[in-house]
Structure formats: structure tokens, C-alpha cells
Amino acid sequence: PEKKFCRLLGSRRDILRYGSLGIAFSCLFFTIGNWKAMQFASPKGLLNFLTGGNSSIFATNEGESLSSRVQQIKKYLADFETGGSATYVPEFPRKLDWLNTAPLQFGRDLKGRVVVLDFWTYCCINCMHVLPDLEFIEKKYKDKPFTVVGVHSAKFDNEKDLEAIRSAVLRYNVTHPVVNDGDMYLWRELGVNSWPTFVVVAPNGKVLAQISGEGHRKDLDDVVGAALEFYDERKLLQNNSLPLALEKDRDSRLITSPLKFPGKLAIDVQNNRLFISDSNHNRIVVTNLDGEFICQVGSSEEGLLDGQFDTASFNRPQGLAYNFKKNILYVADTENHALREVDFVNETVRTLAGNGTKGSDYEGGGRGTNQVLNSPWDVCYAPLEETVYIAMAGQHQIWKHNTLDGVTEVFSGNGSEKNLNGSSPTNTSFAQPSGISLDPELRELFVADSESSSIRAVNLKSGGSRWLAGGDPNFPDNLFRFGDHDGTGWDVLLQHPLGVVYASDNQIYVADSYNHKIKKLDPVTKKVTTIAGTGRAGYKDGDALSAQLSEPAGLVEVGEGRFLVADTNNSAIRSIVLNERGAEVRTLDLTGVQAPSPKPKALRRLRRRLSADTNVINVDGGSSMEGYVSLAISVPDGYHFSKEARSKFDVETEPANAIEIEPVNGSLNSDGQASLKFKRTSSSSSTGRINCKVYYCKEDEVCLYQSVAFDVKFQEGVPSPAPITLAYTVVPRDNSGSSLMAAGKNL
């Protein structure tokens with residue numbers, strides 16, 4: 001019995017010894033795998049996480065009036081000031097770089113002011129969501145001694161760069177002071193543990209409160225308003241001016257740049273068109289594939305307005321997807337939290353889902369604009385299903401919109417911000433998905449999962465996902481495994497990729513945004529190689545591995561071996577051509593694309609500029625004072641006029657009062673014909689322009705369009721009635737080698 005007891009005691013000791021050793025190795029393995037995340041931890045941060053931090057000032061009673069709420073906060077402040085246990089905000093280290101202002105100090109510039117410190121990092125979608133709240137409070141108290149200071153506390157290595165933060169300040173129109181606290185000094189001193197976090201500081205430097213996350217506009221408004229009243233009564237406020245110097249007033253380049261932080265691209269190969277989401281100009285720019293201007297969609301005014309191309313409005317649109325059968329472009333109108341439809345047949349814009357407010361519905365199922373969305377960042381179109389897939393960055397999911405019944409609903413992801421691959425939609429999690437692309441077989445949807453720095457694939461049948469490259473596939477909560485390393489599988493490190501496209505060579509091309517590179521991923525072997533970029537932000541053409549980009553966010557394949565890239569921070573479109581010797585990067589020359597005019601709409605010229613792809617045909621109209629004009633458009637054998645997208649015409653005249661042509665607009669019949677009546681009110685020379693948009697299809701294949709303008713020049717002289725026939729035969733473009741892309745992918 002004694003030996004048996006000893007053996008039992010020994011086995012227990014072994015269990016404890018080896019069990020403890022196993023736990024120790026597990027902790028060590030976890031720490032090594034999450035070492036970047038551990039850099040953001042601090043004892044104060046852990047304490048705040050466990051106790052909820054200093055947020056008691058934000059407590060409210062249901063149904064409480066604003067005045068009683070203010071009195072409650074002022075009573076709290078009175079007790080706070082006499083309590084003697086206040087924490088003072090640490091001073092800004094003098095070595096830090098500032099934007100929008102000269103360097104500030106609490107003991108000098110901010111003394112006597114109520115200050116809200118906004119701890120943010122510009123990759124974070126939640127940090128973007130609170131910017132309107134901060135802007136609201138800043139405008140409300142603009143004449144008071146109140147200041148918001150953005151404390152930029154970078155998650156990603158690239159975000160520590162001052163020029164990258166400056167671009168973010170310009171992109172998101174941040175006008176308050178911003179300090180680059182790349183070493184996280186204030187973060188640790190104040191025990192911050194997440195983005196965004198707000199710290200409210202009293203005019204005497206005491207920390208009043210701290211609260212994290214979105215949705216605190218009213219809380220912050222109440223506390224700031226009450227604090228301004230309380231400290232004004234105590235004569236502690238000082239409304240001295242701050243040494244502001246806004247970045248947007250210093251950067252003349254962006255004022256004249258044709259594009260301003262373009263986000264995503266799409267193409268219509270058959271009709272030789274490139275669609276550019278000119279995000280910060282709040283418009284869609286359409287050029288041909290050589291960069292020649294065709295048209296602009298949107299007034300460039302920030303807003304959510306449907307209607308004609310020149311009056312519709314967007315708010316920082318991102319993802320684009322083209323429906324070649326209906327000549328429709330789908331737009332992820334990101335900051336409107338909406339899905340929009342651009343109809344090139346009727347030249348109109350309409351909203352398919354979302355209503356301009358940020359939603360928090362994680363299931364969906366509503367129709368039309370009754371279904372709210374949350375920061376849709378990219379879209380792609382599946383033609384067989386007539387479905388638009390949506391990368392819903394704001395709530396970490398993939399959604400889908402049925403274009404037939406107008407229903408928009410979740411497709412994959414449970415809404416938790418994780419890098420979790422599962423067999424079904426509910427046990428799969430994403431982390432700010434920002435780029436999506438379909439394979440031509442429509443089996444999988446490839447996802448650039450930006451906050452996990454990984455590329456994932458979603459099964460279109462099950463809604464589950466699998467890991468391809470980057471990120472941490474072992475610890476779903478670890479969103480800090482990032483870097484810049486080519487390799488295979490686990491060896492691969494990416495840094496906040498925003499764009500992805502499945503190409504005709506069955507490879508996946510990735511905009512590895514914060515590494516300023518374009519990379520190629522083999523979905524079978526999971527091997528990743530860099531094809532363009534040096535890893536440093538810059539603007540340089542030439543050999544691809546020596547060329548420089550700056551946070552590229554979107555890319556499309558134009559033809560086999562040629563890609564166009566939305567080089568966001570360079571506000572340019574770059575072309576990458578692959579060849580046997582490697583690859584070459586060039587900047588696409590945007591001919592005729594202009595920055596939005598600051599002139600009011602009333603001063604815009606009346607006559608419309610013809611697009612670069614319009615065939616202009618001059619016709620002698622003779623000297624007759626009235627008569628008929630016959631339109632006769634024909635298509636070659638094997639083609640027919642589109643039944644879904646009817647060909648149409650409209651009329652312009654010059655001088656405006658010299659001639660009348662009716663009808664002023666209309667559609668061609670099924671044979672491509674129309675009849676118009678003209679009557680001249682003056683015998684002096686005049687011009688009638690008949691603009692035609694012809695939509696035609698090859699049997700059982702892709703549909704195309706052709707723009708034609710007939711300039712009918714009426715002459716002075718003795719009237720001599722004669723029929724006027726405007727005949728034109730469409731010649732299909734030769735786009736051989738590209739039909740697969742147009743028919744099967746978004747692209």
C-alpha cells in the first residue's frame with residue numbers, strides 16, 4: 001500500500017509538473033504569436049478593461065431631460081473637484097509631430113480649455129464612424145474654449161509614418177489638431193485599450209472621463225456642455241486662440257488633381273470603358289481604357305441624392321461592379337451606407353439599399369432603402385444569380401443584394417471582428433473585409449480581410465470560408481500578425497490589404513495596401529510573390545520591383561497580363577504590364593479628366609461636351625426651313641438591338657432659338673429607326689445635334705454600346721426642301737481575348 005501511495009503521489013506530481021510545463025509553453029506560444037498585440041497592453045489599460053475605466057460620468061437615467069442631465073453632470077464635477085483623487089493628464093512629449101497645428105502643450109496652449117482626446121488609428125472603421133460625431137460637437141462649441149485633439153496611436157507599422165497620417169487627415173477631412181503618438185506614450189499613461197477611445201480633460205488638466213467605442217455623440221455632447229458651464233462658473237476657462245494651420249490649406253496639389261484619393265475600379269472591356277471611384281470628389285469618373293474622359297457620374301457635391309448624372313450625389317464611394325447585360329454599374333457608396341445603381345441607358349442614379357444612416361442590423365432581409373447598411377466598401381456582381389455581393393466593412397460581414405426582388409441580407413459572417421474560418425455563415429468571422437472578387441466558375445468569393453491582414457475564400461454554396469494567406473489562422477482573435485514577407489502559407493505576411501482580383505491566369509492579385517505593393521497569390525499552392533512596389537510609399541514609374549506606389553486600394557485586370565491600379569494616396573491610376581522579363585509600372589494619363597469646378601452650377605456651359613468614345617458625323621442639312629430628319633441605325637449580321645436597354649436619342653441646337661427639333665428625346669424602334677421634325681425660325685446658319693446611344697447584342701453573348709452624334713448643319717440660302725437621312729452602321733469593337741472577363745467576372 002505504501003508503494004502504491006508513493007506511485008500515486010509521484011504520478012500526481014508528474015501531472016502537475018508536466019501540466020504546468022504545458023501551460024507555460026502554451027502561454028509562451030500565445031505570447032510569441034501575439035507579440036505585436038502585447039505591445040498595446042499596459043497595467044492601466046488592463047485595470048480599465050476590468051473595471052470599466054472612468055466612465056461613471058456618462059451614466060444616465062432613462063427619460064431624463066437635458067437640463068436635469070446637465071445638472072447631474074455638474075454635481076458630479078463638483079464632487080470630483082473636491083474629492084482629491086483626480087488623475088492629471090500627462091503632458092505631450094515635445095518630440096512628437098503635429099498636424100493641423102503647431103505643437104501644443106496642456107500647460108500652455110490647452111490650459112483653460114475643455115479637451116477631448118480622440119485615440120484613433122486611421123485604418124479603423126470604427127474610428128471613421130465617430131468622425132461625424134466629433135465634427136458635430138466641434139461645430140456646436142466652436143465659439144467656446146473647447147478643442148478636440150486626435151491622438152493617432154498606430155496599429156500598423158505603416159500608420160506610424162507622418163506622411164501616411166497626413167494623407168488620412170486630408171482624406172477624412174480632419175480639421176482638429178492631430179498628434180502622432182507612434183510610441184503609444186499617452187495610450188499607456190492613460191490606460192487606453194481600444195480604438196476609438198475618448199478621454200475628456202478639464203481646463204485644469206484633470207482627467208474627467210474615459211469612454212470607448214462608437215455611438216457616444218450624446219454622451220460626449222452632454223459632458224462637454226456641462227463641463228463648459230461648470231468651469232465657466234468657476235472662472236477657469238480661457239478662450240485663447242490656437243496656432244492652427246490646416247493641412248488641407250497647405251496642399252495645393254489636391255486642389256487641382258483630377259482625382260482625389262481614388263478607391264476602386266471596374267471595367268467594361270467590350271465597350272472600352274474604365275470606371276473610377278473618385279472617392280473624395282464624391283463622383284464616378286468614366287474614361288476609356290487609355291484614360292480619355294467619357295463622362296462623370298455625380299455632381300461632386302457630398303450627399304445622397306438620386307437622379308440624373310449631373311445632379312445625383314455620393315459620399316466617398318468605393319467599390320464598383322459592372323453588369324454588362326444591363327449596362328449598369330453598382331456602387332458601394334461607403335459613407336452614405338448605401339448601395340447605388342448607375343444606369344448608363346437612362347443616365348440616372350438610384351439607391352438600391354441603405355438610406356444614409358449607419359445601420360447595426362446583422363441579419364438583413366429588408367427590401368430597397370428600408371434595409372440599412374454599414375460602410376459597404378466593395379462590391380462584385382454574379383451575372384447568373386443577378387446578385388451583388390457586398391463587403392460590409394463596418395460590421396465585418398459579407399452581404400448580398402438580389403437585383404430581382406431588391407432584398408439585401410447577410411451572406412457570411414456573424415459580425416464578430418475576428419479571423420475565423422468556419423463551415424457555415426454563423427461560425428465564420430471577418431475583420432473589416434474591404435475587397436472582394438469572384439472566380440469565373442462562381443464557386444468562391446475571394447476576400448481581402450484588411451484588419452486581419454489575410455486573404456480568405458468564401459464558399460458560395462455554404463457561406464463558410466477558408467484561409468489562403470496572411471494573418472493568424474490559429475488564433476482568430478489575433479489581428480496583429482502582419483508584416484511584409486513573401487512565401488507560402490504560414491510564412492506569408494501582409495499589411496492591411498484592401499483590394500483583390502481573380503485574374504484570367506487563375507491567380508489572385510492583391511493590393512497589399514500598407515506595404516505599398518501588388519502581390520500575386522496562387523490559390524492552389526498558397527504561394528505569394530511581389531510583382532510591383534518596393535515596400536516604401538512613393539511615386540515612381542519604371543521596372544515594377546523598383547517602382548513605388550502609395551497605399552493602392554483597388555485593381556482590375558484589363559487584359560491578359562495588364563492591370564490597372566487605384567493608387568490611392570498618389571491620387572493616380574497606375575498601369576502594370578506583366579511580361580516575360582518581369583513587369584513594368586506606368587501612370588495612366590487621364591486626358592480630359594478635370595477636378596470639380598468651384599463655379600456654381602448656373603455658370604456651367606449649356607452645351608454638353610462629347611465623350612471621347614463618340615463618333616461624330618457631320619451632315620449637310622441644306623437650306624430647307626422645315627422638314628423631317630430620319631434616323632436609320634443598323635447593326636451587322638449576327639447582332640440585334642438590345643431589348644432590355646433600348647437605344648435612345650436626344651437633341652441639342654445652336655443657336656438655341658434658331659431651330660426647333662421635335663421630339664427633343666426618345667427611343668429608336670426595334671429596327672433602329674426614328675423620325676424627327678425640324679422647323680427653323682431664322683434663315684441664318686444653325687446646327688442641330690442628334691446624340692444617339694445605341695445598345696446592341698451579339699446572339700447569346702455580351703451586349704455592347706456605341707455613342708454617335710450627328711451634327712446637322714443648316715445653311716443660309718434659298719429654301720430647297722429635301723429629306724435628311726442620318727444613316728449609320730455600327731462596327732463592333734475588336735476586343736478579342738477579353739470576352740471571358742466581361743462575361744464571367746467583376747470585376
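Predicted model: local features only at pLDDT ≥ 70, side-chain atom pairs only at ≥ 80, totals over all residues.

Author: In soluble globular proteins, nonpolar side chains tend to be buried together. Here the largest nonpolar core has 73 residues, and those touching the most other members are Phe92, Leu117, Phe119, Phe146 and Val149. Helix 9 supplies the largest share of this core, eight residues. At least three residues come from each of domain 1 (43-53 + 67-249) and domain 2 (260-587).

Reader: Which residues is leucine 117 in contact with, leaving aside its neighbours within four places in sequence?

Author: Leucine 117 is in contact with Val89, Phe92, Phe106, Val149, Val151, Leu186, Leu190, Thr197, Phe198, Val199 and Val201. There is also a second, separate core of 51 residues, whose members include Phe275, Val297, Val629 and Ala645.

Reader: Which residues of helix 6 are buried?

Author: In helix 6 (residues 131-140), the buried residues are Leu131, Asp133, Leu134 and Ile137. Viewed down the helix axis, they fall within an arc of 160°, so they line one face of helix 6. These buried residues pack against strand 2 (114-120), helix 5 (125-129), strand 3 (146-152), strand 5 (197-201) and helix 9 (217-233).

Reader: Is lysine 74 buried or exposed?

Author: Lysine 74 is buried, with a relative accessible area of 11%, and a residue counts as buried under 20%. Lysine 74 is found in helix 4 (residues 66-83). Not counting residues up to four places away in sequence, lysine 74 touches Ala226, Glu229, Phe230 and Glu233.

Reader: How is a pair of aromatic rings described?

Author: A pair of aromatic rings is described by the distance of the centres and the angle of the planes. A search of the whole structure finds 19 aromatic pairs. One of them, formed by phenylalanine 156 and tyrosine 514, is edge-to-face, at 5.5 Å centre to centre with 85° between the planes. Phenylalanine 156 lies in the loop between strand 3 and helix 7 (162-171), and tyrosine 514 in the loop between strand 27 (508-512) and strand 28 (517-521), so the pair ties together parts that are 358 residues apart in sequence.

Reader: Where does the charged end of arginine 217 sit?

Author: The charged end of arginine 217 sits over the ring of phenylalanine 136, 4.6 Å from the ring's centre. Likewise, arginine 273 lies over the face of phenylalanine 344, at 4.9 Å from the ring centre.

Key: Residues numbered from 1 in each chain as written. Heavy atoms only, no water. Buried < 20%, exposed > 50% of the residue type's maximum accessible area, 1.4 Å probe, protein only. Helix = DSSP H or I, 4+ residues; strand = E, 2+ residues; numbered from the N terminus. Arc of directions from axis to C-beta. Contact = heavy atoms within 4.5 Å. Core = buried A, V, L, I, M, F, W, Y, C linked by side-chain atoms within 4.5 Å. Domains from an automatic or database assignment. Phe/Tyr/Trp six-rings, centres within 6.5 Å; stacked < 30°, edge-to-face > 60°. Lys NZ or Arg CZ within 6 Å of the ring centre and 35° of its normal.
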